[in-house]
Structure formats: C-alpha cells, structure tokens
Amino acid sequence: MAAPAKEAKETTTQKIALTGIKPSGTPHVGNYLGMIKPALKLAETFQAFYFIADYHALTTVNDPALMKQYVYEIVATWLALGLDPDEVIFYCQSDIPEIFELTWVLSCYTPKGLLNRAHAYKAKADANREEGRDEDAGVNAGLFSYPVLMAADILMFNTEVVPVGQDQKQHIEITRDIAAAFNNNYGKDVLTIPDAHIVEDVATIPGIDGRKMSKSYGNVVPLFAPPKKLRKQIMRIVTNSQTPEEPKDPDVDNIYNIYKYFASPEDLARVRKTYLEGGLAYGTMKQELFERLESTFGEAREQYDAYMADTAKMDKILAQGAEKARDIATPMMHKVRKTVGMQ
Ligand code: TRP
C-alpha cells in the first residue's frame, strides 16, 4: 500500500492572527520574550500574518539608511528564530498599497476625538501643555493618525486575533470602534472585529538596570550581538553590593530576573537555592546567564548573520509574502470600494 500523502496544512478553518513589527530599533531579548516567541508559537495554530510596519516607523525614523537597516534586522531576526515564510504570510506594509487606500476610508469613520485620546499622541500633547508649549509642538499628522493606519493593517485581512503587548491594547480598541462604525453605517459586517491577545506574564522583561527592557532606556540585552559584546553587556547588569556569602532574595535581582526566562526548571531551582542559602557570587551568576544566552541564541545568530549578508534573499522572501498578502488585500479593497459606493 502506498504511503498516505502528507496531509496538507488546513488553512480554511484556521483563525487569522496578525501583528505588525515596527522597525525602529535593533531587536533585543525583551522583544524576543514579549513578542517574537509567543507570536511564533501562535503561528503553529493560526494562519499568521506577520508584517514589518515600516510606514508606522516613518513617524519617527527619518534617515533612509537607518530605516533600511532596521527593516533588514527585523526580517533577519524573525527568520533566524524560526519564522517559516511558507507558513506565515510575512511582508512589508509598504508593499501593500491597498492598506493606504483603506486607511483613508477608515479615517472617514474615525472620530477625531478618538485620536485625541490615543495614548501616544495624548502623552505628547500633555507633556507639551505642561511645559507651556503649543500642545501640538513636534507632533506630525502621521503620529496623530497612526491608529488609523494600524486599523487598516488589521481590518484588511479579516484578522480575528492580534498578539500585542499591553501598550498596544488601546490601538486594538480603536480598531474595533472604527470597524463597528463602518459596519454600522452600511448595515452589514464587511469588516471583522478583532480581539487583542495580550502576552501578560512577560509584558515587562527587566533590562540590565531593572527597569523595563527598552531601547529608550539603553538597558537592553541584545539578541544577536557578537559574544564579546553580549558578555560585556551582561557584566554591566546592576546588582546590590551583597557579598557571595550573604543569603539573597533572587526575585529582586536583575540577573535572576532575566535568567529565569531561559533556565530549565532544575537549573532554576538549583540557582534559587544558592541565592537563598548564601554562597552565590554575582560574577558567577552573570557568567552562567551569558552561557545560557549563548546556548539559546548562538545558532540563531549564525543564521541571522547569514541573512544580513544576503539582503537579496530577504527581498525575495518579502516579495513573495507581499504577493500572498495582496491576493487577499485586492479583493478586500474591492469589496470596501463597492460598499462605500465607488464601484
Ligand atoms: N503599533 C505597533 C507597535 O508599535 C506596530 C503595529 C503596526 C501593529 N500595525 C500593527 C501591531 C497592526 C499589531 C497590528 O508595536
């Protein structure tokens, strides 16, 4: 008897998960734990659409060489960490012109007051007011309408689930409001109302100084830096001045609070015990964390470097992803145009 044909992956019944990654910095361990790892896991059961939100980055990244660099770094990172472009629809936002067409349509269903209350804009306006400046000083209209572009990203592909960090939750709520206003006006469910999927437990990975790991604090642990550079950064982790002999509370230690995400349960139990009983030197613990990160990311780093040395390969992958995305976006935009009375 012939071997049964390998079953094709069922895509028709799979739910759709979509998320955008803004190319505004080199990916770090916080991005990996908070976003990349859960998203790759989600892609095992959902039809995933993961894309580079390059036009969103344009609200803050104004140097073309830097923009290109960040885009490639993100593409190489995701591919090196196991994103399979045959399974995930992986593309650049700027390659899908329909998204920008939909953005305009949606902005006509977006109350301006809703955008006034969006966190990113509101924080800037509040700070300006406090400093006695015009409330819109330094605010471009792209930053102001950022949530509308994000709604178009999501609504274009009938997205059901959006995996994002806590900081993006409000954007998903705005998306839901816009979609409901649109559907309500035309009396039919043209747009799918999405749900946010918040990754709670790793939402605030601590950096080397204990504050949330963030590029803007300069406290990140890089994912794919050369080993020497990685080691140097690990050695900079801030600790208190307790001696090795003293018993310590692992839960308040910055080394432990990064290590715990990468250690096996056995190693974690062993280390915890030495913290609590005394006999743990911070230097030794830093070395152990460094080695653990090396064994976790060393192989992926080789792949990352290979991708970064072959940008043509990444271009090709993105072009194929864009083609698949447009196969969906084109008929969707057609439907929207028809709905609003343009065709
Ligand atoms: N605004 C998101 C961020 O800063 C990126 C993003 C753009 C996004 N479009 C999206 C996330 C659509 C989810 C869905 O991280």
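**Exercise 1.** In this predicted model, which residues does His 56 touch, not counting residues up to four places away in sequence?

*Solution.* The contacts of His 56 are Lys 22, Gln 93, Tyr 146, Leu 149, Met 150 and Asp 153. One of these, Tyr 146, also has its backbone oxygen 3.2 Å from a polar atom of the His 56 side chain.

**Exercise 2.** Locate His 56 in the secondary structure, then decide: is His 56 buried or exposed?

*Solution.* Step 1: His 56 sits in helix H2, which covers residues 54-57. Step 2: the relative accessibility of His 56 is 3%. Step 3: buried means under 20%. His 56 therefore counts as buried.

**Exercise 3.** Describe how domain 1 and domain 2 meet.

*Solution.* Step 1, the parts: domain 1 consists of 15-206 + 311-340, and domain 2 of 224-304. Their centres, taken over C-alpha atoms, are 34 Å apart.

Step 2, the extent: twelve residues of domain 1 contact nine residues of domain 2. Between them the domains bury about 980 Å², with 75% of this on carbon and sulfur atoms. Of the area that domain 1 buries against domain 2, Val 29, Ala 80 and Pro 206 supply 42%, more than any other three residues.

H3 gives the most, with four residues. By type, the residues of this side are nine nonpolar, one polar and two charged.

Technical notes. Residues are numbered from 1 along each chain as its sequence is written. This is a predicted model: local features need pLDDT of at least 70, side-chain atom pairs count only at pLDDT 80 or more; totals for chains, interfaces and linings use all residues. Side-chain values use heavy atoms; hydrogens and water are left out. Helices (H or I, at least four residues) and strands (E, at least two) are DSSP runs, numbered from the N terminus. Buried means under 20% relative accessible area, exposed over 50%, partly exposed in between (1.4 Å probe, protein chains only). A polar contact is a pair of N or O atoms within 3.5 Å; within protein, one must be able to donate a hydrogen and the other to accept it, and residues adjacent in sequence count only if both atoms are side-chain atoms. Contact means heavy atoms within 4.5 Å. Domain bounds come from an automatic or database domain assignment. Buried area is the accessible area (1.4 Å probe) that two parts lose on being put together, summed over both. Ala, Val, Leu, Ile, Met, Phe, Trp, Tyr, Cys and Pro count as nonpolar, Asp, Glu, Lys and Arg as charged, and the others, Gly among them, as polar.
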